[in-house]
Amino acid sequence: MAEEESTEEGAPAEKKSSNMLMIIIIVVLILIIIGGAVVALLLMGGDEEATMNQSAPQANERSDSQPKKSSGNYNNSRKLNDIGILYPLDTFTVNLKSDSGRRYLKVTMSLELEGDELSLELDNKSPVLRDRVIRILTSKSLEEISSKKGKQKISEQIMDTLNAMISDGRIKGIYFTEFVVQ
């Protein structure tokens, strides 16, 4: 009879410990999920912050009676008829700077020109232009080009480099028509 009482008292203790173990496992899983979400937000937070900073000036520009033009910045409020002559470049396929494995970038872009005579100069200097663009692209890592801010920085660097080389006008903007990283 004493043995029967001890087994009846042992069963609730085992149920309590298994329930407690289940609660601990659930709490740990919830903490892991929350931690993963926080890490994901921190890793992707840089792009959202840049987007927020760029959207505020654009809202101010729309309220003005005359749209403001800025060289080198991509302004979403520009109308299509305000865009100048576009000069398409051939596709570039380059290796990115990488420590862990090989990464490739395939990019096609068009240059927005300020003058008609500039396209003739670009035709004559196309091997030199391709060389400069390839040098700029191969000096970049995946982290540098993967964000919107990184793409804008690359286009500004390419535009500044090419504008320093030409004499018959200037390049007002660069538009990526294909941008693939593998």
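The chain contains five helices and four strands in what is a predicted model, and along the sequence these elements follow the pattern α-β-β-β-α-α-α-α-β. Of the 182 residues of the chain, 23% count as buried, while the accessible surface comes to about 12,800 Å², with 57% of that area belonging to carbon and sulfur atoms. Among contacts between residues at least 6 apart in sequence, 69% join residues that are at least 24 apart.

Helix α3, which spans residues 126–138, consists of 13 residues and reaches 18 Å from its first C-alpha to its last, close to the 18 Å expected at 1.5 Å a residue. The buried residues of α3 are L129, V133, I136 and L137. Because these residues cover an arc of only 95° around the axis, they are placed on the same side of α3. The cover over the buried residues of α3 includes the strands β2 (92–95) and β3 (104–113), together with the helices α2 (118–124) and α5 (148–165). On the face of α3 that is turned away from its buried side, the exposed residues P127 and R135 are carried.

A nonpolar patch on the surface is formed by M20, L21, I23, I24, I25, V27, V28, L29, L31 and I32, which together have about 950 Å² of accessible area. Within this group, M20 lies in helix α1, a helix that runs over residues 2–63, and M20 is classed as partly exposed because its relative accessible area is 49%.

Key
Residues are numbered from 1 along each chain as its sequence is written. This is a predicted model: local features need pLDDT of at least 70, side-chain atom pairs count only at pLDDT 80 or more; totals for chains, interfaces and linings use all residues. Side-chain values use heavy atoms; hydrogens and water are left out. Helices (H or I, at least four residues) and strands (E, at least two) are DSSP runs, numbered from the N terminus. The expected span of a helix is 1.5 Å times one less than its number of residues. Buried means under 20% relative accessible area, exposed over 50%, partly exposed in between (1.4 Å probe, protein chains only). The arc is that of the directions from the helix axis to the C-beta atoms. Contact means heavy atoms within 4.5 Å. Patches are made of residues with over 30% relative accessible area and no salt bridge: like charges are joined within 9 Å, nonpolar side chains (Val, Leu, Ile, Met, Phe, Trp, Tyr) within 5 Å. Accessible areas come from the Shrake-Rupley method with a 1.4 Å probe; for residues, only the protein chains shown count as cover. A salt bridge is a side-chain nitrogen of Lys or Arg within 4 Å of a carboxyl oxygen of Asp or Glu.
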